[in-house]
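Hi everyone, thanks for making time this morning. I'd like to walk you through one model, piece by piece, so please have it open as I talk.

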Amino acid sequence: MSGACGIIGGVSVPTEQLIDALDAEGLRHLRRLPPRRSVRCEWPEWVPPEVRDALAGTGITRPWPHQAEAATHAFEGRDVVVATGTASGKSLAYLLPLLTEASAEGEGRTLYLAPTKALAADQARAVGEFAVPGLIPAIVDGDTPFEHRQWAQRFANLVLSNPDLLHHSLLPRHRMWRSLLKNLKYVVVDECHVYRGVFGAHVALTLRRLLRLAEHYGANPTVIAASATAADPAASLSVLTGRPAAAVTEDASPSPGATVALWEPVTYEIDGEPQQASTLSETARMLAQLVRRGVRTLAFVPSRRGAEIVAAEAKSRLGADPASGRIAAYRAGYLREHRRDLEADLREGRLLGVATTNALELGIDVTGLDAVLLCGYPGRLASFWQQIGRAGRGDTEALAVMLAKDDPLDTFLVHHPEAIFDRPVEASVCDPSNPYVLAGHLCLAAEELPLREADLEAIPGSREVAEQLCEQKLLRRRPGGRYYWIGSERPEVALRGSGPMGVDIAETSTGRLIGTIDAAASHRLVHTGALYLHQGESFIVDELDLDDGVALVHAAKPPWTTMAQEITHLEVLAERERLEMGEATLCLGEVEVTSNVISYQRRRLPSGEVIDTQTLDLPPQTLRTVAVWWTVEPESLDGLKDLAGSLHAAEHASIGLLPLIATCDRWDIGGLSTSAHMDTELPTVFVYDGHPGGAGFAEQAFRKWREWLGATREAIGSCECHFGCPSCIQSPKCGNGNEPLSKRGALTLLDRLLKAGEGPVKATVHAQAPIQEAAPTEQKEADLWPGDF
């Protein structure tokens, strides 16, 4: 560890001193990531002198080899993705070809797509520093006035936007954007690793609609993508575009190195049972201690509410210290002007500490950070390394601390660091052939331009979905094989669940708009009576009006918080695959899940003691998706005293460990357990994807079930508690208040299931069930949408 250091007040300080200052009692593992020296190369011959001079004016005299290699692929017309670490200069890889085109005063134009408006604005600032003659950039997003959009349509040769604007505005009005589309030479897809799961499937189909229209207008643009380090990035880009791609993955940029600490909040005893300090409170404590020492720190927190709590508590811990005014929260749901002010304050050093959701995980330029805190494992290794990489962007080694949440996966990881440091980064998984996603995009594509046979051949299952849309009288197949849109209104397809602006949060007395929230998430977070947090202020919800899309609130500081409770019903629709293993069976198939938020608890702060329970009258939400489930024969469970508690505990722990083998986090998936399910008539545990049509998580669990359930069994067995705790079998989102649960019974169940798998296994594959129309469903709260598009 010698030589590791951080910055305090501009002076290098050994990182060991920073760790000691954080109270090393909870330290479980320390890993030093060595520094990496940079390698430079000469400019590719095709880069003209005027571009080289413009870059030299910003301090870039020679590129790194990965920049030159990726740029050359694109210049020569090959789709390419550059997948290297944070702060590795990926932007230059896609800027070189388009700057070269602009300097030659060619007609080629570029469309840059970022997952957030903030990132597109950040790139616009960076591009503005290059004095390249002929370059005419323009931001086009939901905040762009109509007359500015008209100017961009006619004159801009670099349009910076996002998939939402592309989907909702540019493609439906493609005739207005004809000049851009017919001259489209490059499409830049920045931070493409973000496009995974159902959101990734939506973006993939949106990109394919874009490329289809560009072809219609006579263009054949090259796609240039930038990604965080990922497994098989070329294949991931090919899934997004439907075209072959090259990958550049060898990182030649310098890195100052980092010290990464895995931390477990300290444990204390209450009535003889070990209790762990709150991860949010520990994160706030560390943030306050680092800010007090002048260490510029970013704390990643998994929820919007959590980010508000961490920022507020860190400020409170600093008291009258002037540094308390240099701490803030950052998340989606803030008004645009507020977000931009926070970004500028962070970038320019006015803020020392920021508690943020994953909204700041992406490549917005916040150089000069010294430390990063992760309030829990972010769910994917790619996100872990992306967040770690946000600090140490200069020459000084960074400090990164991951604090384990009180759940099975985090506990497993801090005690098995090899699962983080010695495991390859997972691939970004999405499925554009998901019929629930595909149907809407086929309608949109047909409305934009009639569908051809070649269009349907590009995605498996498209023809079957198109025929069903014909039966629903949304499409019509004409002689010659083309499909035409015949619906009365353009179909509404939301890229990001229910849409980012579902419910406005406004003050009852003044009408002041405080923030916004996804309509589906509103059931849990801003129901009538809920406590809502915003920038350190707390509000009580007076009324949630779903019809008008508004939650009315008033400011208050009660000594309690609230937690929504919901009930879930699950019906098996069709079975895809089955593994029969004697007294146990494992299945994969389609299910329908109906959830209903029925009440909420008021819990006293800080103890968490339940004060009372209030009933709610909210409509149910239905989800048709894919699940993995396992059953056991009752005869094999003789002697098991608490069957319901055993199944419930195994369900919780298996949900918590699924992100270890699937590209998800526990909020992407749900579960249900029962002693005798109506469809299986056996004791059953279900784990299902929390997205309509499925997102591939349950299927990965089925394929790797031994690894998944084996890790689940180990996490429960190695936990030091006697009867179960949040680190093993309790769940933060349990609708039944974590009752009943049996730790010993869960171990018995998992042991018998794993032992059954060691014997003969009979595998059966069924024909896939027909596509059924999906009802609206709740989506996981997301912090990556760019506000309104």
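The chain's secondary structure comes to 24 helices and 32 strands. Helices here are DSSP runs of H or I with at least four residues, strands are runs of E with at least two, and both are numbered from the N terminus. This is a predicted model, where local features need pLDDT of at least 70, side-chain atom pairs count only at pLDDT 80 or more, and totals for chains, interfaces and linings use all residues. Residues are numbered from 1 along each chain as its sequence is written, and side-chain values use heavy atoms, with hydrogens and water left out.

Of the 789 residues in the chain, 59% are buried. Buried means under 20% relative accessible area, exposed means over 50%, and partly exposed is in between, with a 1.4 Å probe and protein chains only. Contact means heavy atoms within 4.5 Å. Among contacts between residues at least 6 apart in sequence, 73% join residues at least 24 apart.

Let's go to the open sheet. What is the order of its 7 strands? It runs β6-β7-β5-β8-β9-β4-β10, with parallel pairing. Two strands pair if DSSP finds at least two bridges between them. At the edges sit β6 (137-139) and β10 (246-248), each pairing on one side only. From one strand to the next, the twist averages 15°. Zooming in, strand β4 (residues 80-83) and strand β9 (residues 222-227) pair in the parallel sense over 4 bridges, and V81 has A225 in β9 as its bridge partner. Packed on this sheet is helix α4 (residues 90-103), which touches β4, β5 (109-113), β7 (158-161), β8 (184-189) and β9. The direction of α4 makes about 155° with that of β9. For these angles, axes are lines fitted to C-alpha atoms, for helices over the stretch in contact, and angles run from 0 to 180 degrees between N-to-C directions.

Now for a pair of helices. Helix α17 (residues 435-448) packs against helix α19 (residues 462-471) at an angle of about 65°, and their axes are 10 Å apart. So α17 and α19 are roughly perpendicular to each other. As for the cut-offs, under 35 degrees counts as roughly parallel, over 145 as roughly antiparallel, 65 to 115 as roughly perpendicular, and the rest as oblique. On the α17 side, P435, L438, A439, L442 and C443 meet S462, V465, A466 and L469 of α19. By class, this contact of α17 with α19 has 8 nonpolar residues, 1 polar and no charged ones. Ala, Val, Leu, Ile, Met, Phe, Trp, Tyr, Cys and Pro count as nonpolar, Asp, Glu, Lys and Arg as charged, and the others, Gly among them, as polar.

Helix α23 (residues 705-718) and helix α24 (residues 743-756) pack at about 150°, with their axes 10 Å apart. That makes α23 roughly antiparallel to α24. Residues in the contact include W705, R706 and L709 of α23, and K743, A746 and D751 of α24. The contact of α23 with α24 divides into 8 nonpolar, 3 polar and 4 charged residues.

In the loop between α23 and α24 you'll find C725. Is C725 buried or exposed? C725 is buried, with a relative accessible area of 13%. Leaving out residues up to four places away in sequence, C725 touches C719 and Q730. The C-alpha atoms of C725 and P408 are separated by 9.2 Å, although these residues are 317 apart along the chain.

Next, a hairpin. Strand β26 (residues 560-581) and strand β27 (residues 584-604) pair in the antiparallel sense over 20 bridges, with N596 in β27 as the bridge partner of I567. The hairpin has 2 residues between the strands, and G582 there takes a positive phi near 70°. β26 also pairs with strand β32 (residues 762-765), in the antiparallel sense over 4 bridges. There, the bridge partner of E580 is K762 in β32.

One last backbone point. Most residues other than glycine have a negative phi, and most peptide bonds are trans. K473, in the loop between α19 and β19 (475-477), has a positive phi near 60°. K473 counts as exposed, at 62% relative accessibility. E681 also has a positive phi, of about 60°, and lies in the loop between β30 (669-674) and β31 (684-689). At 64% relative accessibility, E681 counts as exposed.

Thanks, and I'm happy to go back to any part.
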